[in-house]
Amino acid sequence: MDDYHQSTFQLVSEVSKSLNLLDENQINAILECIAKETESKMYYILAENQKDLQRMDTGNPKYDRLLLTEQRIKDIVKDIRNVATLPSPTGRILMQKTLPNGLNLTKKTVPFGVIGIIYEARPNVSFDVFSLCFKSGNACILKGGSDAWYSNEAIVNIIQNVLDENGVNPNVCTLLPNERSATEELLNAREYVDLIIPRGGKELINYVRENSKIPVIETGAGVCHTYFHKDGDLAKGKEIITNAKTRKVSVCNSLDCLIIDRDRLEDLPFLCEDLQKKDVTIYADKQAYEALFPSYSYDLLKKADEDSFGTEFLDYKMAIKTVWGLDEAISHISKYSSKHSEAIVSENREAINIFEKLVDAACVYANASTAFTDGAQFGLGAEIGISTQKMHARGPMALEELCSYKWIIEGDGQTRS
């Protein structure tokens with residue numbers, strides 16, 4: 001590890017301990033100051049964001065992720081304030097008991113310490129991550145994508161200035177340089193960093209998992225399916241499919257594959273009617289292609305191949321798979337799912353129960369859009385990511401998931417024989 005990065009990581013590790021001495025009221029007051037400063041510096045942030053946008057093709061699916069607007073900044077400010085109103089996750093007593101020898105044991109939640117976040121062109125993540133880390137008593141090291149450098153630098157400057165004005169060492173929120181080498185150094189900083197959380201596509205997550213010497217919580221990659229069961233309601237299905245696919249295509253909870261029961265193929269043109277209005281390209285298997293061919297735009301209808309399934313499109317694109325019933329639908333999901341968010345549309349309670357029990361994913365929906373997989377939507381204030389693994393955290397991660405715990409043992413001179 002080079003001297004620059006080692007000294008940076010060491011400094012963050014040292015100052016992270018000072019966060020344990022802040023009380024909840026101080027933390028909330030500082031978050032409110034950051035919210036106000038973000039409002040007052042809105043046009044500065046937008047101007048820096050524009051520098052990033054000018055370097056990206058507007059046709060790039062990441063463009064929408066990179067884009068900040070007045071409304072998006074207002075929503076960010078609202079999320080910061082929401083986090084401030086949430087109860088502190090630290091210092092909670094998980095268990096307490098006195099042993100026969102008189103020792104008092106307390107199991108108590110504590111911050112991880114230093115959390116490294118590696119993410120792509122999503123500058124709003126800088127605010128979300130800091131708010132959640134600060135509220136939970138963690139320092140954060142941010143490694144954003146080069147596409148969002150100007151935006152992230154502006155955001156972190158605002159945060160650090162407010163921290164400094166309130167007597168908190170600004171290094172508890174540190175933005176690493178743009179170079180790829182900074183990512184490699186972060187993944188090897190096991191003496192100073194307690195946890196790594198990647199937010200981005202499959203390629204980024206795989207790289208972090210394979211190269212990190214620090215524990216990793218995998219988040220982000222979402223290959224999401226919606227199964228329209230033979231007993232599905234047409235009106236519900238159409239709304240759910242359209243919303244899950246087109247509400248925001250560049251996010252991990254957007255729909256990638258519609259699975260349809262063979263008995264309902266005649267309803268496929270109706271289910272996809274609004275997708276055509278949104279210019280969604282469909283990669284359909286043979287049966288679905290034939291069902292759609294008379295009605296769906298020829299330019300937007302393609303024949304699926306094996307690569308069409310298991311793909312996170314992050315674009316106005318979607319695959320369709322035809323199945324013979326519930327068992328085959330679940331088998332298809334098992335093969336291609338990233339264990340993020342999966343949905344069934346059905347009025348059959350037994351089918352829903354089976355789907356909910358057998359589908360292995362962080363979030364399983366019945367008669368609702370996968371677009372709801374989001375920390376704010378779950379009432380968590382904001383999110384640091386959506387975990388697709390099973391250890392420690394699963395699904396939208398917020399304050400509670402940024403804590404570990406420790407045992408406090410108090411005695412009166414006891415020794416062990």
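**Exercise 1.** Determine which residues make the nonpolar surface patch, and which strand gives the most to the patch.

*Solution.* Step 1: Leu94, Met95, Tyr405, Trp407 and Ile409 make a nonpolar surface patch of about 480 Å². Patch members have over 30% relative accessible area and no salt bridge, and nonpolar side chains (Val, Leu, Ile, Met, Phe, Trp, Tyr) are joined within 5 Å. This is a predicted model, in which local features need pLDDT of at least 70. Residues are numbered from 1 along each chain.

Step 2: At least two residues of the patch come from each of strand S1 (93-98) and strand S16 (403-410), strands being DSSP runs (E, at least two residues). S16 gives the most, with three residues.

Step 3: Leu94 lies in S1 and is partly exposed, at a relative accessible area of 41%; that class lies between buried (under 20%) and exposed (over 50%), for a 1.4 Å probe and protein chains only.

**Exercise 2.** Characterise the largest pocket by its volume and lining.

*Solution.* Step 1: The volume of the largest pocket is about 880 Å³. A pocket is an open set of points on a 1 Å grid where a 1.4 Å probe fits, with protein on both sides within 12 Å along at least five of seven lines; lining residues have an atom within 4 Å of a point.

Step 2: Its lining comprises 37 residues, with Arg122, Asn124, Arg247, Lys248 and Asp374 nearest the centre. Elements giving two or more lining residues include helix H4 (62-66) and strand S14 (385-387), while H5 gives the most, with four residues.

Step 3: By class, the lining has 14 charged, 13 nonpolar and 10 polar residues.

How values were computed: This is a predicted model: local features need pLDDT of at least 70, side-chain atom pairs count only at pLDDT 80 or more; totals for chains, interfaces and linings use all residues. Side-chain values use heavy atoms; hydrogens and water are left out. Patches are made of residues with over 30% relative accessible area and no salt bridge: like charges are joined within 9 Å, nonpolar side chains (Val, Leu, Ile, Met, Phe, Trp, Tyr) within 5 Å. Accessible areas come from the Shrake-Rupley method with a 1.4 Å probe; for residues, only the protein chains shown count as cover. A salt bridge is a side-chain nitrogen of Lys or Arg within 4 Å of a carboxyl oxygen of Asp or Glu. Grid points are joined across faces, edges and corners, and a volume is the space filled by probe spheres set on the points. Ala, Val, Leu, Ile, Met, Phe, Trp, Tyr, Cys and Pro count as nonpolar, Asp, Glu, Lys and Arg as charged, and the others, Gly among them, as polar.
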